[in-house]
Amino acid sequence: MAIATDLSPSPPLALPPTCDDKNAKALRLIEEMTQNTDSVQERVLAEILSQNAQTEYLKRFQLNEPMDRHTFKSKVPVVSYEDLKHDIQRIANGDRSPILCAHPISEFLTSSGTSAGERKLMPTIREEMNRRQLLYSLLMPVMNKYVPGLDTGKALLFLFIKAETKTPSGLVARPVLTSYYKSDQFKNRPHDPYNVYTSPDEAILCPDSFQSMYTQMLCGLIMRHEVLRVGAVFASGLLRAIRFLQLNWAQLAHDIATGTLNPKITDPAITEHMAQTLKPDPELANFITKECSEENWERIITRIWPNTKYLDVIVTGAMAQYIPTLDYYSGGLPLACTMYASSECYFGLNLNPICSPSDVSYTIMPNMGYFEFLPHEDAASSSALSRDSPPRLVDLADVELGKSYELVLTSYSGLCRYRVGDVLQVTGFYNTAPQFHFVRRKNVLLSIDSDKTDEAELQNAVENASALLKEFNTSVVEYTNFADTKSIPGHYVIYWELLMKESRHAPTREVLEQCCLTMEESLNAVYRQGRVADHSIGPLEIRVVKNGTFEELMDYAISRGASINQYKVPRCVTFSPITELLDSRVESVHFSLAEPHWTPERRR
Ligand code: AMP
């Protein structure tokens, strides 16, 4: 039997299924999959292997028939993106032979993880869209168990598409959500009372982020009493929407008062849609003006959308830094993290979505791909992955409570034993399916939105910027960083201690501002896109600290028990006594005054 990817009713059925039928069917599927974790996994792997048996990639490992799980695990290596880069580039350049996957690659999904500064390209196939759609279709039936009545109103979800580009052979490359929102599955979705959005598709599909956000906010305001949940994919996106309201409420109120659309909104699909929707409503405009002109924006979400039952946003992983701000704006509404997914594969969902953020666990659905787990202590030592001794990977059904693992994926799209880069900890089981706390993404030092900057990228950026100081006989002796999310959008802050050989010839303000921009130019494409296109990241800041500050930092660490021999400057600081110490030693502050260069085209 093929693994289910379709929740539509099996014919012949005289009547269309009701919502209750669909919900019950979704919940039954979750039960069935989670009760049979290992057998479903076995079947998924068998399906993938039979589909891809003749691919160049699998043939390289001479698996011979029958390709069973044991042979697969003993012969196929665990890989990361760099190992596949050459094959992926061949596909991007137009090689249509079955390299990784027997099915034609329909497009590339561009991950927020980067390789050599550019988004990783994840090949995908047409049928994967059904699998993604399947996971989406499970979310509201689960939510409905905890929050009744969501079919009686609407969801104000801020959803956006991003720029797309083409590979040399003409395959589209774009983020997975852009691919989903532009798909027929999304555009022609049947009416589902649990998923009625205030945002018109015309706004979601508008590539201009200002026009898209403006229209989505306007519609959300117009339908404010119908809104039962407010959200965005990630917490940073929802906070960006609140900030947008702070900056644009007067114009939005004007549009509502007069029934006319802001002339900055020129997208023809939007203007046509809004011509049908927008009617003068002075009472609503007065209400918005009154609420938004108040100094205090505490609980603004529930003030404007009083029927909101919860916020639909991911606040796990790097997004946890936004929880206090979301609580402030919502008066502590529940935060529902509903799913765990990536460009490579949609993994699973939270079966208890109204729990507190610290208790969120995701249940990986065994039918989405074949999953293995590299014990985290092994993941750290490369010897665990040497080709001589096969890595000790554990199957989904065999992970142990309390242990941490790195997720390794084999997908229908042709990734085989691919290290996703996420560290997960087992918190429990639902039936036989393990549930995981998302611990962290490996090697991420700084993150504001979907950007993920690692230590090597930061080091390179500092080196490039500090080259500008040479003519002043100045060098950067030490540096550390943190992601400042107190203001929206957040921004990177880099503390620099400088060594100036001639104090009379100190670097000028202009040069230090240029250093900020040079650092930004050196950071990866996801960071630069956040700065330039999405406006989800603010200008980078350099804070120059007094000489001797980093020595004080070391003294402080040693006074708290660090070993003097092993002490290393922390490359990222979050502990408030340390940031307070650094801030108390700041001599000058500099921001990037321009935007770094970014276009949808890849640099190489
Ligand atoms: P991308 O490759 O850009 O699609 O990003 C996928 C990555 O986002 C995952 O591998 C995770 O690191 C992160 N991510 C996705 N969903 C969640 C979640 N629910 N909680 C925390 N991190 C997540």
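Aromatic ring pairs come first. The count comes to 19 aromatic pairs, where rings of Phe, Tyr and Trp (its six-membered ring) pair if their centres lie within 6.5 Å, and planes under 30 degrees apart count as stacked, over 60 as edge-to-face and the rest as tilted. This is a predicted model, in which local features need pLDDT of at least 70, side-chain atom pairs count only at pLDDT 80 or more, and totals for chains, interfaces and linings use all residues. Residues are numbered from 1 along each chain as its sequence is written, and side-chain values use heavy atoms, with hydrogens and water left out.

Consider Y340 and Y362. Their ring centres are 5.7 Å apart and the planes stand at 35 degrees, so this pair is tilted. Y340 belongs to strand β9 (residues 339-341) and Y362 to strand β11 (residues 362-364), so the pair ties together parts that are 22 residues apart in sequence. Strands (E, at least two residues) are DSSP runs, numbered from the N terminus. Y340 is buried, at a relative accessible area of 7%, and Y362 is buried at 3%; buried means under 20% relative accessible area, exposed over 50%, partly exposed in between (1.4 Å probe, protein chains only).

How are the rings of F347 and F371 arranged? Their centres lie 6.1 Å apart with the planes at 70 degrees, so the pair is edge-to-face. F347 is in strand β10 (residues 346-349) and F371 in strand β12 (residues 370-375), so parts 24 residues apart in sequence are tied together. Both F347 and F371 are buried. Elsewhere, ring pairs join Y136, Y180, Y181, F186 and Y346 into a cluster.

I turn to charges over rings, a term that requires NZ of Lys or CZ of Arg within 6 Å of the ring centre and within 35 degrees of the ring normal. The charged end of R224 sits over the ring of F287, 3.6 Å from its centre. R571 lies over the face of Y479, at 4.0 Å from the ring centre.

Finally, strand β19 (residues 541-545). Five of its five residues are buried, so β19 is largely enclosed by the rest of the structure. In a regular strand the side chains alternate between the two faces of the sheet. Here E541, R543 and V545 on one side and I542 and V544 on the other are all buried. Two strands pair if DSSP finds at least two bridges between them. β19 pairs with strand β18 (residues 491-500) in the parallel sense over five bridges, and I494 stands opposite I542. With strand β20 (residues 586-591), β19 pairs in the antiparallel sense over five bridges; there E541 stands opposite F591.

Conventions. Helices (H or I, at least four residues) and strands (E, at least two) are DSSP runs, numbered from the N terminus.
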